[in-house]
Amino acid sequence: MPSITKPLATHPTAQRNQLGLTIRDYEGSMSTLCAGCGHDSITAAIVRALWEQSTPPHRIAKLSGIGCSSKTPTYFVNGAHGFNSAHGRMPAIAAGAIAANCDLTYIGVSGDGDSLSIGLGQLSHAIRRNLKMVYVIENNGVYGLTKGQFSASADLGSKSKRGEANRMAPIDPVRLGLSLGATFVARSFSGDKEQLVPILRAALSHRGFALIDVISPCVTFNDHNGSTKSYLHTRRYSRQLVESDFVPHADEIVADITSAGTTAVKMHDGSTVMFRSVPADYDPTDRAKVSAYLDQHQKDGQILTGLLYIDGESPDVHEMNRTSATPLRELDYSKLCPGSAALDALQEDYR
Amino acid sequence: MGPRAGPLWRGTLKTNDVSHPDYFHKVVDCQWACPAHTNVPEYIRLIAQGRYADAYMKNRESNVFPAVLGRTCDRPCEPACRRGRIEEQPVAICRLKRVAADLKGDISDMLPKAPEQNNGKRVALVGAGPASLTVANDLRPLGYEVTIFEKQSKPGGLMRTNIPSFRLPESVLDEEVANIINMGIDIRYDSPVTSFKSLLAEGYDAVFVGSGAPRGKDLDIPGRHDSDRIHIGIDWLESVAFNHIDSIGSRVLIIGVGNTAMDCCRTSRRLGGTEIKVMARRPRGYFKASPWELDDAEEEGIDIVINHAPKRFVVENGVLKGMEFDRLEWDAEARKSKTVETVFIAADDVILAIGQENAFPWIERDLGIEFDQWEVPIVDETTFESTRKSVFFGGDAAFGPKNIIWAVAQGHEAAISIHNHCQGVPATDRPPQGMNLISQKMGISEWSYHNDYNPAHRQKMKHVDLEERFRQLNVEVEVGFNLEQTAREAQRCLNCDIETVFVPKKCIECDACIDICPVQCLTITRDSEEAELRTRLSAPATNLDQALYASEALPQTKRVMVKDEDVCVHCGLCAERCPTAAWDMQKFNLLIQYAGTSCTT
């Protein structure tokens, strides 16, 4: 655990975002994770994405459960709100927070244990409700905090550090998301910020639940030869399915792009996600085709990365429930709690 | 030798041959900028530990006069200091040097000594200034019989005659000079060399000329020779130093705005001058004086008058009345000027401080020592040998007026040449510099240097009250840092000599170092030419004076690790967060060669 604090010095030419903040203004406390942990790189990508988006730090809420992954919200945006929930229960807390205040930017950070084992039910319903939040799964296929047991996302045949092979089928969060009707499904790699940062920015602009499965090698327990989630294995077998660029609303520039395989998806806030698909006929808005494509490549042991599926049309939790456009926390008490007379009238309706 | 980074680094970038000591040396900006290459970070660490004597001796290895230079150095190290690129103000290196000197205590056991047996070689040095004294310091411990000829009655050269005692107390100078002379140097005072031919005839094995640049430039305009109240700056300072002059008129004009002018005006202030003007031809920003010397003069109520070119001295009936100046108007770059009007400024005394030059009327021109068209001897820039074998020049005598630290650096080099010459080795055989790189890792999160970044600002030097300092000529103005200031200032040093050293084959490209770096020094990217590479790093590398440290291809993706040395704060977090120890913090120690310590490998 480093005892060294990060120097206050900044690069003298450090750029500032629209709020006049440098990237260092989006940092959190010093990480206490193992040196070289993929999670720290994801943290750095989140810091960069939030800085590039010029999201005001005090308008961010960070949520997490339990695990190595769930420590990481401490390591970004010191000025944000935060909630560290019980194991696997972060989606419920997020649902409550989102219900009470629709105005914040919600970032949930979870892991394969927190989301795919103990919290699988919670995650499923968060997806179904289309909670407006970014949900990052820092996926390393191993329980690092309890010294290296297989997690629910460990691949068949992948080996533990002690040499035994995993014999249970993995839960793939991408396919889980697709099957439950998720509206934004992406996969990326902690070691590839060029891809991860634009995906995070797109997720921050998405009107609903943005699920990002990020392969994040556990440098202590799962970065060895038999691992399928090591730095080396991920680099060797990952195929960037779609190259995605995020064009923010404010900076949009109309350009004459003639390349055939480009698909633009308009986001709810007016910004655009540009897809340059590697296969010419890949359609990131067609759930069935995306599913079939994933099936086909899973057989070859390939790890497809990129923003795989997006649906900007489905209503999010607030539209589904026709909630007030004013955040509940800003409503007058008299409106929020109209009194026993109103309750009696409501109950009368159900008789 | 320690572990050499050697062939780990590709050679496509000219700047990053890290097997050559120059690469890591250049990262230590202060040491690189110092002509004597004093190991600044090392002595600052020793000061921080309270090891003042060790800090002093580390200093003395290369610069010989730490107490003198801690007060008077022109400080080429400070503008170079990396701290000055992170925030505005560099580390107060010079002032810390003085702290070590002031608090060192008794160091007599640590000083070099003459051997019991001389080596049978005799060397003559002309002038007892910093260059000659450095040569003596280096050669006497090797057994040379050293004789110094000095025209004054006391040693020190310009350190004594040109630097006023309120900046450099006489006792400080006396002590450091004595440390050299007491090794058994035969010094002959009041012995100006009037004929170099007869000196050479005395059969010395080598002769070193360190006679400085003793001739102040004159200003030949009307009226110059009509009054005895017009003085040449350095001669006047010398007369003050030897108590031949102890007063001056109340209205004084100083012509010129270099550091000598600053010494003249401040000395005048102490000898009775009340209305003192320093007359500058050009606007501010084009002065030769160091900014801190200007500040100190203005603090004492000296008026610095810009855009005035001297026209004539006004002398009536043999009495100096003042001077006429052309008031100038300059263009934006201060290249061209036009005269706006002529103005008269009254004065009782005028001091000319417009430069100085070396002069050798005492060297006969038929000795095989060639002079160029400006009557300056032709001297080899590496060996400091003249065109006559066995005759060497150094300090201001060799290449014109510079500062003490250059004279010292040249003295060291000349001593190597003299030693070579006397041992029958060509003077051009220079022993190469070496380096050691030693890991500073002590354990997890433990480094053998203090790597916490201290955001403290540069400490302000306290000055003696104006009233007190004008009471007597030799009241030292700067009181020196107190212990608290010293501790704080020492902590501002970034330890640039604790170098980031990278081993590409260990890297798994996890990005941990890049993510943690507080100043965005690091990038893993595809390889290309340096100019293009500089534009697409984590932060654009726009300071072309600072090298890029670029690795060979990394194992997994064949990309390269690039570090921009420019604003690295040497916090060690890259090494701290590296899971494979591909990054390490290693102390760089430049092995400087001096006469007789030449490593023969």
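**A walk through chains A and B**

His37(B) sits in the loop between α2 (29-33) and α3 (40-48) of chain B. Helices (H or I, at least four residues) and strands (E, at least two) are DSSP runs, numbered from the N terminus. The model is a predicted one: local features need pLDDT of at least 70, side-chain atom pairs count only at pLDDT 80 or more, and totals for chains, interfaces and linings use all residues. Residues are numbered from 1 along each chain as its sequence is written, while chains are lettered from A and ligands numbered from 1 in the order in which they are written.

His37(B) has a positive phi, near 55°, although the residue is not glycine. Is His37(B) buried or exposed? His37(B) is buried, because 20 other C-beta atoms lie within 10 Å. The cut-offs are these: buried means 20 or more other C-beta atoms within 10 Å of the residue's own, exposed means 12 or fewer, and partly exposed is in between, with C-beta atoms placed from the backbone.

Ala581(B) also has a phi near 55°, again positive in a residue other than glycine. Its place is the loop between α22 (573-577) and β23 (583-591) of chain B. Ala581(B) counts as exposed, because it has 12 C-beta neighbours inside 10 Å.

Now take chain B as a whole. It has 22 helices and 23 strands. Its C-alpha trace spans about 90 × 60 × 45 Å along the principal axes. Buried residues make up 48% of the chain.

Chain B is divided into domain 1 (1-25 + 431-440 + 494-601), domain 2 (34-108 + 455-491), domain 3 (112-214 + 358-422) and domain 4 (250-352). These bounds come from an automatic or database domain assignment. The centres of domains 1 and 4 of chain B, taken over C-alpha atoms, are 49 Å apart.

Strand β16 (residues 434-439) of chain B holds Met435(B). Met435(B) counts as buried, because 21 C-beta neighbours lie inside 10 Å. Met435(B) and Leu591(B) are 156 residues apart in sequence, yet 5.2 Å apart in space, C-alpha to C-alpha. Beyond four places in sequence, the contacts of Met435(B) include Pro21(B), Phe24(B) and Phe588(B). Contact means that two C-beta atoms, placed from the backbone, lie within 7 Å.

Next, the nonpolar cores. A core is a set of buried Ala, Val, Leu, Ile, Met, Phe, Trp, Tyr and Cys residues joined through C-beta atoms within 7 Å. The largest has 140 residues, of which Ile47(B), Leu139(B), Phe208(B) and Ile418(B) touch the most other members. Helix α17 (residues 404-422) of chain B gives the most to this core, with eleven residues. Leu139(B) has contacts beyond four places in sequence, among them Val123(B), Ala415(B), Ile418(B) and Ala595(B). Another core lies apart from it, with 66 residues, including Ala49(A) and Leu131(A).

In chain A, helix α1 (residues 38-52) has 15 residues. Of these, 14 are buried. Ser54(A) follows the helix, with a positive phi near 55°.

Finally, the contact between the chains. It takes 28 residues from chain B and 25 residues from chain A. On the chain B side, α7 (83-86), α20 (512-516) and α22 each supply at least two residues.

Definitions and conventions:
Expected span 1.5 Å × (residues − 1).
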